[in-house]
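Please keep the sequence and structure in view while reading.

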Amino acid sequence: MNPEVQNIVAAGKLPAADGEKLSKLEPGVFCLHKSWGVGRIASWDLLGDRVLIDFEGKPAHPMKISFAVSSLEIIPSDHILARRHSDLDALKAMAKDNAPALVELALKSSGGTLHLDGLEKLLKGAIVPDADYKKWWEGAKRALKTHRHVVVPAKRTENLVLRDQAESAGDQMVKSFVAARDLKGKLAALASIQKDLDLFSDPKTELIPVLQDISDSARKGIKLNLKECLQLLLARDELVETLGTTAPMGSMKVSDLVCETKEVLADALKTLSSAMLGRVYRAFPDAFPNRGWVTEILHHLTKTGGRAVAEIATVLDANDELDVLAETLKKSLRNRLLSADLLIWMTRERKGLAESVFDIDLGHAILGVIENDHMEGGPKRTGRLQDLLSDDRTLLGEMVAEAEDADVRLLAKRILNSSSYDELTRRSLMARIIKARPEMEAMMAENAGPQKEDSLIVSWESLEKKKKELEDLVNVKIPDNKREIQIARAEGDLRENGGYKAARDHQAVLLRMQGKYERELRNARGTDFANVPTDKVGIGTVVDVEDIPSGEKETFTILGAWDGDLEKNIISYLSESAKALIGKAAGEETDLPTDTLHGLRRVKINAIRAFIA
């Protein structure tokens, strides 16, 4: 204890404990106050019960002895704050000429680790001008790349770290990883290892403890921290690939985790990056053998966010299961079970992985989701989907280009009657449909009138024939094509494999055909054409006509949508000739189309009778 201080302690004017503390706060010592910052003890006035302190911008500040000993923290003279107080010009020169040295000084003064906000608090304004700090820090980061003992964080939420130069950087990183108490800490330590692999002399050997620890930590944390366990295993696999090695024998695999957590896995995947999602879904075939993985991966289509859709489709495609994806998407479209994200992906992949299911059903599904959301109070979840339909100027035209008239009419009616879009937008959407299908222009006028029957009228015979064609397509042609794809894939380089490309192109055609057949069958209404009226021409009637100029006579049988047979003069009620005849009575005249472009011939209806099968 200082002799002067000991005297006032002996006189009972100062407690002994305070005397010990005051003796350390002798003049010349640097100190820190939580409110006033760094200071230097200027002098004592023991009789006056005060200490005079030179704070930055506040020289000779008096402080009662009892308050000083309880509120001041002594800092060494080489601390950055002490040097900022005593030799500010030297630190400013260091900032200008040797930024890494200044950062290292700040780290040494802070116990070897420092948040970026803490560094900014130490330097900004006092050492580096406020306006220059951002530019200065960017330059300092570049310069620090050669100072491998200083770890600069990739994220602002992480800390700067000063490594012990007496120990190799690799050994320090391994120890930091193993010592990390939680999975987030291990993830951060592993990220540092991946970033600075060049600091290891023999990474395959030196990182064995890390690889073993990852597996052990994942097994222990799988129930409470599934997301972090998954990230740790994925990062481990990326590291193993980089090193060109393998994980230690018995290590937990991503496929093991996927299998064990299949009931709750989807929630853990929602915030992963696309690259990580791809790695997870590529593990499904190993996690669920014997094609069980296909069912499991398809469950994720509606459970995860939009980013997962592309990754799932890629894995299915790589394993020649694209037809299964198409079938699932078609069923989901019909049952309106698809999310906005999945619908958006399907529109964007309409010339890619979703080509086989891109048709007018998708348009109905999009409108359905938008309308449901609108009824619940406005576009909360479907704003992007609603914008997509109005902003993508080719989308609607491509949807309706090859669709049946009845389907196009129904979609057009829904658009015209939709409350989700304003009048101007509805007319703009209709204009796109009309551009692709000019015959739909009449819809603008028809919309206010009675709704027409949109189902297809077909004979029972043609209905059964269509069902058999679909059955043959699904059970024979598509599986045969799938085998062709697998055989062609086995031949090697797919970029130069003409057989593989042809088989894949044919697959798209078959899947589109399947969708068309299914849509037609959903809309079909079978009939035997019995008891049809014969006062006017209608479906199920036989019509005798006479060409007025030549007197040549001809007979037409008007049957269902799929019953046309030109050799027998059987025409579909959807044909132009049938449309010209339907509704006319015997004795009336009408114009029938000819084989020439826009040609017409005038005929008279002589007789009408019922068709007998």
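## His-33 and its surroundings

The side chain of His-33 comes to 3.3 Å from the backbone nitrogen of Trp-36. His-33 belongs to strand β1, which covers residues 30–33. Is this residue buried or exposed? His-33 counts as buried because its relative accessibility is 6%, below the 20% cut-off for that class.

Leaving aside residues up to four places away in sequence, His-33 touches Phe-55, Met-63, Phe-67, Ser-71 and Leu-72.

## Ala-60 on strand β4

Ala-60 is located in strand β4, residues 58–64. Its relative accessible area is 44%, so Ala-60 is classed as partly exposed, a class that lies between the limits of 20% and 50%.

Apart from residues up to four places away in sequence, Ala-60 touches Leu-52, Ile-53 and Asp-54. Ala-60 and Phe-30 are 30 residues apart along the chain, and their C-alpha atoms are separated by 14 Å.

## Confidence in the model

The structure is a predicted model. The protein chain has an average pLDDT of 86, and 94% of the residues score at least 70. Over residues 448–453, however, pLDDT stays under 50, and the model has four contacts for this stretch beyond four places in sequence.

## The largest pocket

The largest pocket has a volume of about 910 Å³. Its lining consists of 30 residues, and Glu-158, Gly-185, Ala-188, Ala-189 and Ser-192 lie nearest the centre.

Which element supplies the largest share of the lining of the largest pocket? Helix α10 does, with eight residues. At least two lining residues each come from β8 (159–162), α9 (169–179), α10 (183–195) and α13 (226–243). By class, the lining of the largest pocket comprises 14 nonpolar, six polar and 10 charged residues.

## Two cavities

The structure also holds two cavities of 30 Å³ or more. The largest cavity contains about 50 Å³ of space, and among the residues that line it are Lys-330, Asp-359, Gly-515 and Arg-522. Both α20 (322–334) and α29 (498–523) supply at least two residues of this lining, with α29 giving the largest share, four residues. The lining of the largest cavity has two nonpolar, one polar and seven charged residues.

About 30 Å³ of space lies in the second largest cavity. Its lining is formed by Glu-402, Ala-403, Glu-404, Asp-407, Lys-516, Arg-519 and Glu-520. Here α29 contributes the largest share, three residues, and the lining has one nonpolar, no polar and six charged residues.

Methods. Residues numbered from 1 in each chain as written. Predicted model: local features only at pLDDT ≥ 70, side-chain atom pairs only at ≥ 80, totals over all residues. Heavy atoms only, no water. pLDDT = per-residue confidence, 0-100. Contact = heavy atoms within 4.5 Å. Buried < 20%, exposed > 50% of the residue type's maximum accessible area, 1.4 Å probe, protein only. Polar contact = N/O pair within 3.5 Å; in protein donor to acceptor, adjacent residues only side chain to side chain. 1 Å grid on protein atoms, 1.4 Å probe; cavity = no way out; pocket = protein on both sides within 12 Å on 5 of 7 lines; lining within 4 Å. Points joined across faces, edges and corners; volume = space filled by probe spheres on them. Nonpolar A, V, L, I, M, F, W, Y, C, P; charged D, E, K, R; others polar.
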